[in-house]
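Trainee: Please pick one part of this model and take me through it closely. I would like a single connected account, with the numbers.

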Amino acid sequence: DLGSAATMPSIDVSETESELRIDADLPGVEEKHVDVMISDNILTIRGEKKAEKEEKKKDLHLVERSYGSFSRSLALPFAADASKAKATFKNGVLSISLPKPPEVKAQAKKIAISAE
């Protein structure tokens, strides 16, 4: 759909004891058109989607082009070290892994659950 070229990507955030993981769905976006930045505990994903539709019939040649940019920012729950972050792009999904700093890992404590 050419009209939705500039829509915001849907994002899933998950957390383990050692890292924060962000997965963003970016269908139709090429890796070279995506930027990921961290500044002041804010993770920003920016990109550009280019869509083109061409239709050829006997007496008609129609080309529709649509361009749109998007930007999505997330406040991080800790000061992430950008040099240790990893980002991969596969099948239209951008996956970002942010290791937790040692002081944040130490704060996580498991709580025992008892049956009453």
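Mentor: Start with pairing: two strands pair if DSSP finds at least two bridges between them. Strands (E, at least two residues) and helices (H or I, at least four) are DSSP runs, numbered from the N terminus. The model is predicted, so local features need pLDDT of at least 70 and side-chain atom pairs pLDDT 80 or more, while totals for chains, interfaces and linings use all residues. Residues are numbered from 1 along each chain as its sequence is written, and side-chain values use heavy atoms, with hydrogens and water left out.

The part to look at is the hairpin formed by strand 1 and strand 2. Three residues lie between the two strands. Strand 1 covers 11-15, and strand 2 covers residues 19-25. They run antiparallel, joined by five bridges. Valine 13 has isoleucine 22 of strand 2 as its bridge partner. Aspartate 12 faces aspartate 23, again in strand 2.

Now place the hairpin in its sheet. The sheet is open and has four strands, in the order 1-2-7-6. Its pairing is antiparallel. Strand 1 is an edge strand, and so is strand 6 (86-90): each pairs on one side only.

Aspartate 23 has a relative accessible area of 19%, so it counts as buried. (Buried means under 20%, exposed over 50%, partly exposed in between, with a 1.4 Å probe and protein chains only.) What does aspartate 23 touch? Leaving out residues up to four places away in sequence, the list is Ser10, Ile11, Asp12, Val93, Leu94 and Ser95. Contact here means heavy atoms within 4.5 Å. Val93, Leu94 and Ser95 on that list fall within strand 7, which spans 93-99.

The aspartate 23 side chain also has charged and polar partners. With the side chain of serine 95 it makes a polar contact of 2.7 Å. (That is a pair of N or O atoms within 3.5 Å; within protein, one must be able to donate a hydrogen and the other to accept it, and sequence-adjacent residues count only if both atoms are side-chain atoms.) With the side chain of arginine 21, aspartate 23 forms a salt bridge of 3.3 Å, N to O. Arginine 21 is partly exposed, at 33% relative accessibility, whereas aspartate 23 is buried.

Glutamate 15 meets lysine 100 side chain to side chain, at 2.6 Å, N to O. Lysine 100 sits in the loop between strand 7 and helix 1 (102-107), and glutamate 15 in strand 1, so this pair ties together parts that are 85 residues apart in sequence. Lysine 100 is buried at 8% relative accessible area, while glutamate 15 is exposed at 52%.

The structure holds three salt bridges. One of them pairs lysine 32 with glutamate 30, where the closest N and O atoms are 3.6 Å apart. Lysine 32 is exposed, with 65% relative accessible area. Glutamate 30, at 44%, is partly exposed.

Step back to the whole chain for context. The protein has seven strands and one helix. Along the sequence they follow β-β-β-β-β-β-β-α. Of its 116 residues, 28% are buried. Among contacts with a separation of 6 or more, 53% join residues 24 or more positions apart.

The loop between strand 3 (34-39) and strand 4 (42-57) holds aspartate 40 and asparagine 41. Aspartate 40 has a positive phi of about 50 degrees although it is not a glycine. Asparagine 41, likewise not a glycine, has a positive phi of about 60 degrees. Aspartate 40 is exposed at 72% relative accessibility; asparagine 41 is partly exposed at 34%.

Conventions:
Salt bridge = Lys/Arg side-chain N within 4 Å of Asp/Glu carboxyl O.
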